[in-house]
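We will go stop by stop.

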Amino acid sequence: MRTFINVEDIGPLEKALVEAQEIKNDRFKYQHLGKNKTLMMIFFNNSLRTRLSTQKAAMNLGMNVIVLDVNAGAWKLETERGVIMDGDKSEHLLEAIPVMGCYCDMIGVRSFAGLTDREYDYAETVLNQFIKYSGKPVFAMETATVHPLQAFADLITIEEYWQSQKNQKPKVVLSWAPHCRALPQAVPNSFAQWMNAADVDFVITHPEGYELDPKFVGNARVEYDQKKAFEGADFIYAKNWSNPGVTNPADYGKITSKDMSWTVDTEHMSWTNNGKFMHCLPVRRGLIVTDDVIESKNSIVIPEAANREISCSVVIKRMLESL
């Protein structure tokens, strides 16, 4: 595996889930694969779980790890071609990327959407430059449009908590929730993509106008009535995203709804089938979810976060095996 961006890159999900459980049972089983190998983690944006879980996974696999925070520990980087670099950006990605590739065997990239130019963001301009010019295997640690390591961890968590999977599919609901800041669509995009590929009954619910890109929605059922969507659900995945600009391109990246009735509270969870509450974290309490829900026995946000180490371990292991 040379790149990890979309669900197709991981291959059959059943095999990946078995491998995840194997690694969870023995996190150091494949240390020999990473001996004398180096992972470089490039951060254009802040991170807590992704930084810690990815570094831990690489170390479990015997790798050396270099972490570069572009905004704090490097020259400011220009990403556009054909510009006159007479501003505050001293180095171009087209030189920086192959240099980075000289010092490592694998690269993880984290770069968020700018939320001003939909075409630029959805072209994955920054990530694709790393794939093209680094000469190394590259995996996404969240990009402008996707966060596959999170979605893989989400699927591992659902698999672990679903007790009746041999008899019926779990009902999984991705629910928009309000937020005070404009957030990218990467997490909901990937969650939708991975749930469509999994053996679940998948529903997406959000206010009208917040439709995700059809290539991620896939075969999911879209329900604009949040209560109808929640009815009988086994898992509720709450997440805010800014307007994707699908129905109105001028709205891309904007907050076009702050409807607090979408905040997941005890009443919302009462509509479910004793459903588990999920969120990728960090979460804004009182906006996305109330204290009583996220602190309840049905909240699985911490096990979900812990599985980030496992999803990343599977990905890095697969990439090491391809070197």
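Start with one definition for the helix stops: an axis is a line fitted to C-alpha atoms, for helices over the stretch in contact, and an angle runs from 0 to 180 degrees between N-to-C directions. Note also that this is a predicted model.

**Stop 1: the whole chain**

Along the principal axes, the C-alpha atoms fill a box of roughly 55 × 50 × 30 Å.

**Stop 2: α7 against α13**

Select residues 148-161 for helix α7. At what angle do α7 and α13 pack? The angle is about 115 degrees, and the axes are 8 Å apart. The crossing of α7 past α13 is right-handed.

Now show side chains. On the α7 side, the contact includes Leu149, Phe152, Ala153, Ile156 and Tyr161. On the α13 side, it includes Pro303, Ile310, Cys312, Val314 and Val315. Colour the contact of α7 with α13 by class: you get 10 nonpolar, four polar and four charged residues.

**Stop 3: α1 against α13**

Keep α13 on screen. Angles of 65 to 115 degrees count as roughly perpendicular. α1 passes α13 in a right-handed crossing.

Which residues of α1 meet α13? They are Lys15, Ala16, Glu19, Ala20, Ile23 and Lys24. Their partners in α13 are Asn307, Ile310, Ser313, Val314, Lys317 and Arg318. By class, the contact of α1 with α13 holds five nonpolar, two polar and five charged residues.

**Stop 4: α2 against α13**

Select residues 49-60 for helix α2. α2 packs on α13 at about 50 degrees, and the axes are 8 Å apart. That angle makes α2 oblique to α13. The crossing of α2 and α13 is right-handed.

From α2, the contact includes Arg49, Thr50, Ser53 and Asn60. From α13, it includes Ala305, Arg308, Glu309 and Ile316. The residues in the contact of α2 with α13 divide into five nonpolar, five polar and four charged.

**Stop 5: a sheet with β1 and β3 at its edges**

Hide the side chains and look at strands. Strands of a sheet pair through backbone hydrogen bonds, either parallel or antiparallel. This open sheet has five strands in the order β1-β7-β6-β2-β3, with parallel pairing. β1 (3-4) and β3 (64-69) each have a single partner strand, so one side of each is left without a neighbour in the sheet.

Zoom in on β2 (residues 38-43) and β6 (residues 106-110). How many bridges join β2 to β6? There are five, and the two strands run parallel. Click methionine 41: it stands opposite glycine 108 in β6.

**Stop 6: a sheet with β10 and β12 at its edges**

Move to another open sheet of five strands, in the order β10-β9-β8-β11-β12. The pairing in this sheet is parallel. Its edge strands are β10 (221-223) and β12 (276-278), and each pairs on one side only. Direction ignored, neighbouring strands of this sheet are turned by 25 degrees against each other on average.

Select β8 (residues 171-176) and β11 (residues 235-239): five bridges join these parallel strands. Which residue in β11 is the bridge partner of leucine 174? The partner is tyrosine 237.

**Stop 7: two backbone details**

Select leucine 281 and proline 282. A cis peptide bond joins leucine 281 and proline 282, with omega about 0 degrees. Proline 282 is in the loop between β12 and α12 (291-294).

Finish at asparagine 36, in the loop between α1 and β2. What is the phi of asparagine 36? It is near 65 degrees, a positive value in a residue other than glycine.

Technical notes. Residues are numbered from 1 along each chain as its sequence is written. This is a predicted model: local features need pLDDT of at least 70, side-chain atom pairs count only at pLDDT 80 or more; totals for chains, interfaces and linings use all residues. Side-chain values use heavy atoms; hydrogens and water are left out. A crossing is left-handed if the near helix is turned anticlockwise from the far one by less than a right angle, and right-handed if clockwise. Helices (H or I, at least four residues) and strands (E, at least two) are DSSP runs, numbered from the N terminus. Contact means heavy atoms within 4.5 Å. Ala, Val, Leu, Ile, Met, Phe, Trp, Tyr, Cys and Pro count as nonpolar, Asp, Glu, Lys and Arg as charged, and the others, Gly among them, as polar. Two strands pair if DSSP finds at least two bridges between them. Angles under 35 degrees count as roughly parallel, over 145 as roughly antiparallel, 65 to 115 as roughly perpendicular and the rest as oblique.
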